[in-house]
Amino acid sequence: MAKAVGIDLGTTNCVVAVLEGGRPVVIANAEGMRATPSVLAFKEKKPLIGQIAKRQATLNPERTIYSLKRFIGRRYREVTEEIKTVPYSVVSGQNETVRFEIDDKLYSPEELSAMLLRKLIDDASSYLGEAVHDVVISVPAYFNDSQRRGTMDAARIAGLNVLRIINEPTAAALAYGLPRKTTETILVFDLGGGTLDVSVLDVSDDVFEVRATAGDTQLGGCNFDKEVAEWLTVEFEKRHGINLRHDKQALQRLTEAAEKAIIELSTVLETQIYLPFICTDAAGPKHLEVVLKRAQLNELTAHLLKSCRDSLEAALAEAKITPDDVDQVLFVGGSTRILAVQELVQKIIGKRKINRGVNPDEAVALGAAIQAGILTGELKELILLDITPFSLELETEGGLISKVIEQNTAIPTRKTRLFSTTEDNRSAVDLHILQGDPKLAKENRRVRQFRLDEIVRTHPGHALVELTFEIDANGLFNVSAKDNKTGKEHPLIISDSVNMD
Ligand code: ADP
Ligand code: MG
């Protein structure tokens with residue numbers, strides 16, 4: 001069988017890995033780097049992808065797309081906060097989809113992700129000396145159905161065959177835990193550029209069972225960057241009386257400088273931030289020059305650390321365990337190198353339990369490559385028991401909601417429900433499937449709408465239709481309907497979805 005690769009399709013960076021001699025290794029890209037920035041830019045005819053796109057971002061902010069993963073599979077109204085924070089133009093397409101507007105052309109998140117995937121795969125193919133077609137792609141455990149479908153669609157557009165969508169913490173645990181003798185409870189704390197995932201897994205010899213996941217799809221290193229960039233604009237305004245907030249190019253430079261400063265503060269106590277010619281006024285060019293101390297960084301980002309703590313505690317509560325029950329902690333994601341983040345986790349769980357054996361930047365891709373190896377038969381079978389982080393609820397006309405699949409149910413799973421009409425002589429019924437945290441408002445949870453056609457006309461109160469709800473191993477859900485008496489399948493028409501047909 002041809003080689004299958006594992007892809008960590010990150011918000012900020014992508015990493016590709018493959019099995020070589022039964023062990024996963026990272027594949028360097030055409031530029032010789034182990035990670036490819038998830039950035040695309042439109043400048044000349046051909047789009048720029050990766051490092052080359054990232055490098056020209058300052059000079060071309062309106063045509064440089066990053067943080068694609070924050071938009072994939074989401075509705076326009078769900079991303080209004082993100083839109084305010086990016087310099088490029090995001091508009092609403094048909095059916096509330098998200099579109100990027102670049103030089104009067106509209107691009108979907110799936111389309112741009114596909115271009116990124118294509119580069120990753122082309123580089124991997126030339127490294128391996130054979131065309132790669134089969135892939136395992138990781139997504140945050142907290143990704144809902146339409147975000148997962150969006151990722152699959154991107155791979156499809158790129159001409160790839162997705163063997164499996166794997167949850168990032170599961171992949172990280174796979175990279176770390178081959179094989180174990182005793183059952184251990186592992187806490188995976190993944191803070192990347194744009195998302196936080198905290199998961200609790202039980203790892204034994206062959207079984208990886210995700211017991212709970214919590215997190216924040218809107219929290220990552222870039223939020224830390226933004227706080228520092230905002231602080232820089234305040235400092236600059238204090239000194240020079242100039243507000244840089246409306247200068248896109250200056251903002252981009254401030255954000256990059258902020259990221260660099262935060263990375264430096266992971267090893268030193270203070271760092272100098274120097275941005276010459278940040279702007280010009282009547283008196284001439286202005287330069288930004290400030291010192292940022294680690295203690296100051298911690299103060300500026302205290303609320304973000306608090307959110308990290310909340311997600312960590314939520315994951316423990318969800319798994320119904322105390323910090324004492326955790327055997328090991330895995331740090332995943334570049335932002336777990338921020339010392340205050342590490343200290344926070346250490347303080348709650350205990351210092352001795354931190355496992356340093358996994359490279360936080362590469363664990364997810366390595367685990368995805370292991371999963372690819374299992375699916376192609378190169379590695380021996382492991383039982384991967386994952387769970388759905390969302391509940392699945394059915395809302396019928398009149399706003400009646402009933403829970404079909406509980407949060408944290410092991411997947412794949414399948415449940416059936418008998419469904420009856422409440423009115424006489426109906427020929428169609430609309431069903432809303434809600435996926436999400438039951439604590440959220442209803443409108444934030446609605447994912448898909450189905451129309452059940454050609455319902456047999458009969459008396460009210462009768463159980464007429466058997467609905468089958470399924471969540472597969474990729475975390476995707478499907479609904480089918482059949483007549484309870486005749487066993488005949490009912491057509492279900494999907495409407496109101498942001499995903500591709
Ligand atoms: P993603 O999973 O979102 O693609 P990564 O795991 O690659 O992200 O993490 C990228 C983030 O990690 C960036 O925000 C980057 O600034 C941050 N980062 C990388 N190295 C360090 C470091 N040494 N100290 C602090 N933050 C870091
Ligand atoms: Mg990541």
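This is a predicted model: local features need pLDDT of at least 70, side-chain atom pairs count only at pLDDT 80 or more; totals for chains, interfaces and linings use all residues.
How much area is buried between domain 1 and domain 2, and what share of it do carbon and sulfur atoms give?

Residues are numbered from 1 along each chain as its sequence is written, chains are lettered from A and ligands numbered from 1 in written order, and side-chain values use heavy atoms, with hydrogens and water left out.

**View 1. Domain 1 against domain 2.** About 790 Å² is buried here, with carbon and sulfur atoms giving 51% (buried area is the accessible area, 1.4 Å probe, that two parts lose on being put together, summed over both). On the domain 1 side, Thr58, Arg70 and Pro87 lose the most area to domain 2, together 49% of what that side buries.

**View 2. Ligand 1 and its oxygen atoms.** Polar side-chain atoms of Thr12 and Asn13 each reach an oxygen atom of ligand 1, at 2.9 Å for Thr12 and 2.8 Å for Asn13. From Gly193 a polar backbone atom sits 2.7 Å from a ligand 1 oxygen. The shell around ligand 1 takes at least three residues from each of domain 1 (1-176 + 358-385) and domain 2 (221-300), with bounds from an automatic or database domain assignment.

**View 3. Pairs across the domain 1 and domain 2 interface.** Zero salt bridges turn up (a side-chain nitrogen of Lys or Arg within 4 Å of a carboxyl oxygen of Asp or Glu).

Key:
A polar contact is a pair of N or O atoms within 3.5 Å; within protein, one must be able to donate a hydrogen and the other to accept it, and residues adjacent in sequence count only if both atoms are side-chain atoms.
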